[in-house]
Amino acid sequence: MHRVVALVRPPQSTFELACAAQVFGIERRELPTRYAFSVCTECPGPVATHAGYDMLVPDGLDALDRADTLIIPGWLPAGRPPSPAVVQALRRAHSRGTRMVSICSGAFALAHAGLLDGRRATTHWALADELAARFPAIQVDPDVLYVDHGDVATSAGAGAGFDLCMHLVRKDQGARYAAHVARTMVMPPHREGGQLQYSTPPHPAQIDDTLAPLLEWITERLGEPVTIESMAAHAGLSTRTLARRFADQLGTSPGQWLLAQRIATARDLLESSDLSLDAVARRVGLSSATNLRRRFLSTVGTTPGAYRRAFRAKPR
């Protein structure tokens, strides 16, 4: 059982905390429970929230010593540093191997503890400049939904907290387990692009020019030699206009989106079938086992064979 502990402080944002609780703290039918979720705070007792009610948190900072993953679900006001006791607890947890995770403004707590120095990190786009100015040793990326270094991970705004939590589940338990969790929450297991697509109002033409029909057409043909040119031709657009609409609506390029779909389907096939790597590669449009290995390693960080060994062995 993987122990996930959320560290809160008053006034706590309820949505950021709910992101972590919904992903790691809910038992789901027909799915093995692999996480134990709890909440702690510096001063146990009633903790005020931004929603106008208090929540009772009985566990103190010693709970961090038992955590496999520590989540900081927001840290408001962001300009108020954590106490020396909290900083010490964060550093102690990291030094003993706890995975440190922040959602939205929670990055400020990790930054005060020095855990983001010399690293790339993110936070809500509206707080990115403040984080960069206060902590110049951090490489702040205001566009991405999350950044994961393995031992430390940060997410953008509250909604991106779901993206990061789902990424961690997918990393821990495999794509099929994560997809089941996502389905119970009626949300996609992975969103494409970065957060800047949400930082400004969408172009008025986006509603009428949705890419949804094209995306459905592509996903039904992953095993075929779909190209940027064939996508544009099917949509009746120039390749330049297609690229602009992908950037506006999905925050990514057509080629990057297509590769992500192919890798996601390959992960599912590696977990659920005994197909050879060549057969998997052909089914997802990557042509050969060699190409699959190269693309899979650069995207997932491991080989298809190692991925299959890790997640085919897990009980369903």
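## Aromatic pairs, a helix contact and a loop histidine

Phe24 counts as buried, with a relative accessibility of 2%. That value comes from a predicted model. The cut-off for buried is under 20% relative accessible area, so Phe24 qualifies.

**Aromatic pairs**

Across the whole structure, a search finds six aromatic pairs. Phe24 and Tyr35 form one that is edge-to-face. A pair of aromatic rings is described by the distance of the centres and the angle of the planes. For Phe24 and Tyr35 these are 4.9 Å and 70°. What does this pair tie together? Phe24 lies in helix α1 (residues 14-24), and Tyr35 lies in strand β2 (residues 35-41), so the pair joins parts that are eleven residues apart in sequence. Tyr35 counts as buried, at 7% relative accessibility.

Another pair is Phe296 with Tyr307. Their planes stand at 70°, so this pair is edge-to-face. The ring centres are 5.5 Å apart. This pair links distant parts of the chain. Phe296 sits in helix α12 (residues 289-300) and Tyr307 in helix α13 (residues 304-312), eleven residues apart. Are Phe296 and Tyr307 buried or exposed? Both are buried. Phe296 and Tyr307 also belong to one aromatic cluster with Phe311.

The table sets out the two pairs.

| Pair | Centre to centre | Angle between planes |
|---|---|---|
| Phe24 and Tyr35 | 4.9 Å | 70° |
| Phe296 and Tyr307 | 5.5 Å | 70° |

**Helices α5 and α6**

Helix α5 covers residues 158-173, and helix α6 covers residues 175-184. Their axes come within 7 Å. They cross at roughly 145°. Which residues of α5 meet α6? They are Met166, Val169, Arg170 and Gln173. On the α6 side, the residues are Ala175, Tyr177, Ala178, Val181 and Ala182. By class, the contact of α5 with α6 has seven nonpolar residues, one polar and one charged.

**His149**

Where is His149 found? It is in the loop between β9 (146-148) and β10 (152-155). At 34% relative accessibility, His149 counts as partly exposed. That class lies between the cut-offs of under 20% for buried and over 50% for exposed. Which residues does His149 contact, leaving aside its neighbours within four places in sequence? They are Arg119 and Arg120. His149 and Ala121 are 28 residues apart in sequence. In space, their C-alpha atoms are 9.1 Å apart.

Conventions: Residues numbered from 1 in each chain as written. Predicted model: local features only at pLDDT ≥ 70, side-chain atom pairs only at ≥ 80, totals over all residues. Heavy atoms only, no water. Axes fitted to C-alpha atoms, helices over the stretch in contact; angles between N-to-C directions. Helix = DSSP H or I, 4+ residues; strand = E, 2+ residues; numbered from the N terminus. Contact = heavy atoms within 4.5 Å. Nonpolar A, V, L, I, M, F, W, Y, C, P; charged D, E, K, R; others polar. Phe/Tyr/Trp six-rings, centres within 6.5 Å; stacked < 30°, edge-to-face > 60°. Buried < 20%, exposed > 50% of the residue type's maximum accessible area, 1.4 Å probe, protein only.
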